[in-house]
Amino acid sequence: MSPEITVTRVVEPGREVPYFVISRADRDLSEPRPTLMYGYGGFRVPIFADYRPGWPAWLAAGGVLVITNLRGGGEYGSAWYEAGRLKNKQNVFDDFIAVAEHLQKTRVTTAAQLAIHGRSNGGLLVGAVMTQRPDLFAVALPGVGVMDLLRFHLFTVGAAWASDFGLPDDPEQFEDLLAYSPLHNLHDGTTYPATLVVTGDHDDRVVPLHSHKFMATLQHAQAGSAPVLTRIEVDTGHGFGKPAAMVASEWADLLAFAAHHTGLVPPEQ
């Protein structure tokens, strides 16, 4: 199996949002396909079309993979980073939403076939966009995400993230944080995507209370029939140094959940 990689840009007045579209070279893309969309958008971290343990299995099954370059990352220098932090943090979510809309407009996928995934700051990204535009996605897979933007600074190393988020103790920054905090923007009676929230019970970076509170509130708010579930890895933390078997098990659950709710069926061998 050889991958086919296309670099695409969403062009809107005053900005471009680059993203990679990756699929098997032998897959017919004339019709929309189940698609897994990944992003991060923060802390000057550059995101490339690189290897992650779950990508080959999704591509082998016939799915499309989309990797986004969002403002707040380190792909295009300091101005790109500054455009996605503090008062500009909403730009990160707007960029991700714009890519999702563009994928559907260009018939790469549909809302019923689109799964989104991110970890840590990327988990915040997934939580924010699924609360702002739940209609755009079939599946949300937030991993070890920062979901409570009003209390993140009170636990372990959370205060260090003020470089990108600001601090809720500042009245002006409080308003900015409240506007996109995933936990505080869930609304009862809303139809949300099928969601699998992933955390580790010993995560000392993004403490698991973020995921637990978000999941419980989402379960209460969910008006649709799509499930809201959590996956808690025992005796593990934020992700670094996890044994290969544990990584494989987590990816198997994530991809199976995404495939089931996007309609991805692996081709017969």
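A residue is called buried here when its relative accessible area is under 20%, exposed when it is over 50%, and partly exposed in between, using a 1.4 Å probe and protein chains only. The model is predicted, so to speak of local features requires pLDDT of at least 70, and side-chain atom pairs count only at pLDDT 80 or more, while totals for chains, interfaces and linings use all residues. Residues are numbered from 1 along each chain as its sequence is written, and side-chain values use heavy atoms, leaving out hydrogens and water.

Let's start with R71, in the loop between β4 (64-68) and α2 (78-82); helices (H or I, at least four residues) and strands (E, at least two) are DSSP runs, numbered from the N terminus. R71 counts as buried because its relative accessibility is 15%. Its side chain makes a polar contact with that of D95 at 2.9 Å; such a contact is a pair of N or O atoms within 3.5 Å, where within protein one must be able to donate a hydrogen and the other to accept it, and residues adjacent in sequence count only if both atoms are side-chain atoms. Leaving aside residues up to four places away in sequence, R71 also touches residues including W80, N91 and V92, with contact meaning heavy atoms within 4.5 Å.

D95 leads us to α3, where it is one of the buried residues, along with F93, F96 and L103 among others. Twelve of the 16 residues of α3 are buried, so this helix is largely enclosed by the rest of the structure. After α3 comes R107, with a positive phi near 65°.
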